[in-house]
Amino acid sequence: MKLNLSLSKLANITGGTLRAKDAQRKIDTIVTDSRHVGPGDSFWALKGATHDGHSFIKECIKKGATLIVGEKGLLADIKDQAVDVLEVENSLRALQELAKSHRLNALLKVAAITGSNGKSTTKQMLLSICSHAGKTVANIGNLNNQFGVPFSLLEIMPDDEYGVFELGASHPGDIRETASLAVPDVAVITNVSAAHLTFFKDLETVYCTKTEIVGCLAAAGTLVYNCDDEMLTRLGAYKGKAISFGFSPRADLRILETDNFSFIYKGITYSMDLHLQRHDRLNAAAACAAAIGLGLFMDEIQQGLLSFTPMPMRMQRMAHNKATLILDCYNANPASMKNALEILGKEAAGPRIAVLGDMKELGDNSAQFHAAVGQLLTDNHIDYAFLAGPEMLAAAEALKGAKGIVVFYSQNPAAWTADLKKLLAEKGGVCLLKASRSMQFENLVKEI
């Protein structure tokens with residue numbers, strides 16, 4: 001982060017009230033974690049779900065912070081004359097306004113990506129493509145919410161040519177909140193499926209939330225969307241610039257059913273020496289369409305995509321003695337679970353073993369979605385199922401009496417970890433580990 005911003009300019013952007021000895025003093029970075037504050041730093045007090053940064057202001061002043069940004073009514077007791085103070089109405093909203101200003105004063109082109117599944121992989125693919133064409137900034141890890149996106153935007157440097165930002169959502173309005181800060185030149189919607197239904201309630205609300213990004217496009221911006229997705233086909237009526245992608249013949253960028261990843265765009269066939277599963281072909285097509293929307297040339301797109309490195313814990317294959325592990329435990333929802341089990345079902349080497357944990361935040365329909373996992377296991381001819389978590393009980397119940405599959409269930413994986421380890425040692429095969437992030441299934445790898 002290199003803001004090079006005067007205190008007076010910061011106050012003007014945020015609409016705050018400044019108390020400072022030198023209003024023209026400049027700051028480069030801001031810190032929101034009191035544990036990382038050092039001499040000369042600017043501490044920005046944010047209110048989170050579990051912590052309020054205002055509680056740590058005195059500690060930060062002792063550590064040498066020279067600027068405190070916080071909410072009005074909570075900074076009155078700061079008497080230290082060596083500390084500058086900026087009082088704002090809402091510290092998160094002020095941070096967002098700063099991030100938006102920083103983005104709009106930069107010359108780069110921005111792509112923003114949302115969707116129920118595949119947005120992280122699509123982001124990484126597009127990042128690989130854009131990085132091949134020029135200096136590119138992107139959000140790191142899962143900094144994709146109302147707190148993380150502003151910090152990601154504040155990392156934009158003057159010489160950046162492209163920005164690639166993933167936008168996540170847990171509630172209606174979340175995408176509008178973050179996309180309005182990114183002001184994307186290209187907006188990508190990968191798909192709409194059941195995820196975070198505890199807060200969204202139904203798919204229609206998910207659709208409305210994901211498509212909030214459309215209204216945040218920059219002037220003359222391009223919408224990129226998956227026309228294979230039943231709900232997103234409505235976007236065919238969009239009057240602005242758009243590139244649809246998918247396997248459908250009606251897609252502007254149509255994926256071909258070939259061994260290598262290939263597609264047709266504007267009557268020309270492009271083929272790359274990439275062997276991708278069906279879901280990753282859609283992610284790659286989304287990235288290619290977004291790159292076209294950003295104005296990149298096809299040779300840059302091809303070379304950039306060829307250098308893409310898959311992300312960890314997303315269908316990550318690992319050799320494990322006689323077995324092959326497929327680690328896909330970064331997240332889980334009904335659509336990604338279905339996709340992962342279909343891939344496992346096509347494996348031919350040894351027994352097919354599914355190690356599955358709860359899919360979180362599915363609301364009132366959680367039991368129904370988990371029971372459907374039982375049917376998916378039998379439909380895809382899975383030989384062994386190791387199920388864990390209170391929600392997965394519905395899948396175990398659905399499998400009672402099922403033939404051709406051996407089922408282990410417990411709320412805690414520790415109850416069957418030894419059985420799984422023995423099975424892998426004796427029979428090998430292909431073992432899928434999939435669950436929502438909070439289940440921490442990656443730790444199972446250390447146990448088996």
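This briefing covers helix packing, a sheet, salt bridges and cysteines in one structure.

The model is predicted: local features need pLDDT of at least 70, side-chain atom pairs count only at pLDDT 80 or more, and totals for chains, interfaces and linings use all residues. Residues are numbered from 1 along each chain as its sequence is written, and side-chain values use heavy atoms, with hydrogens and water left out. The structure holds 20 salt bridges and zero disulfides.

**Helix packing**

- Helices (H or I, at least four residues) and strands (E, at least two) are DSSP runs, numbered from the N terminus.
- The axes of helix H3 (residues 91-104) and helix H6 (residues 174-182) cross at roughly 35° and come within 7 Å.
- Axes are lines fitted to C-alpha atoms, for helices over the stretch in contact, and angles run from 0 to 180 degrees between N-to-C directions.
- On the H3 side, Leu 92, Arg 93, Gln 96, Lys 100 and Arg 103 meet Glu 177, Ser 180, Leu 181 and Ala 182 of H6, where contact means heavy atoms within 4.5 Å.
- By class, this contact of H3 with H6 has three nonpolar, two polar and four charged residues.
- In that classification, Ala, Val, Leu, Ile, Met, Phe, Trp, Tyr, Cys and Pro count as nonpolar, Asp, Glu, Lys and Arg as charged, and the others, Gly among them, as polar.

- Strand S12 (residues 241-246) pairs with strand S13 (residues 253-255) in the parallel sense over two bridges, and Arg 254 in S13 is the bridge partner of Gly 246.

**Salt bridges**

- A salt bridge is a side-chain nitrogen of Lys or Arg within 4 Å of a carboxyl oxygen of Asp or Glu.
- Buried means under 20% relative accessible area, exposed over 50%, and partly exposed in between (1.4 Å probe, protein chains only).
- Lys 47 and Glu 71 meet through their side chains in a salt bridge (3.2 Å, N to O). The pair links distant parts of the chain, 24 residues apart: Lys 47 is in the loop between strand S4 (42-44) and helix H2 (57-62), and Glu 71 is in strand S5 (residues 67-71).
- Lys 47 is partly exposed at 41% relative accessibility, whereas Glu 71 is buried at 10%.
- Lys 338 and Glu 342 form a salt bridge (2.6 Å, N to O). Both lie in helix H11 (residues 334-345), four residues apart, about one turn of the helix.
- Lys 338 is partly exposed, at 40% relative accessible area, and Glu 342 is partly exposed at 30%.
- In the salt bridge of Glu 397 with Lys 400, the closest N and O atoms are 3.1 Å apart. Glu 397 is partly exposed at 41%, and Lys 400 is exposed at 60%.

**Cysteines**

- A disulfide is a pair of cysteine sulfur atoms within 2.5 Å, and the structure holds zero of them.
- Cys 208 is in no disulfide; its nearest cysteine sulfur, that of Cys 216, is 14 Å away.
- Cys 208 is partly exposed at 41% relative accessibility, while Cys 216 is buried at 11%.

Note on methods:
Two strands pair if DSSP finds at least two bridges between them.
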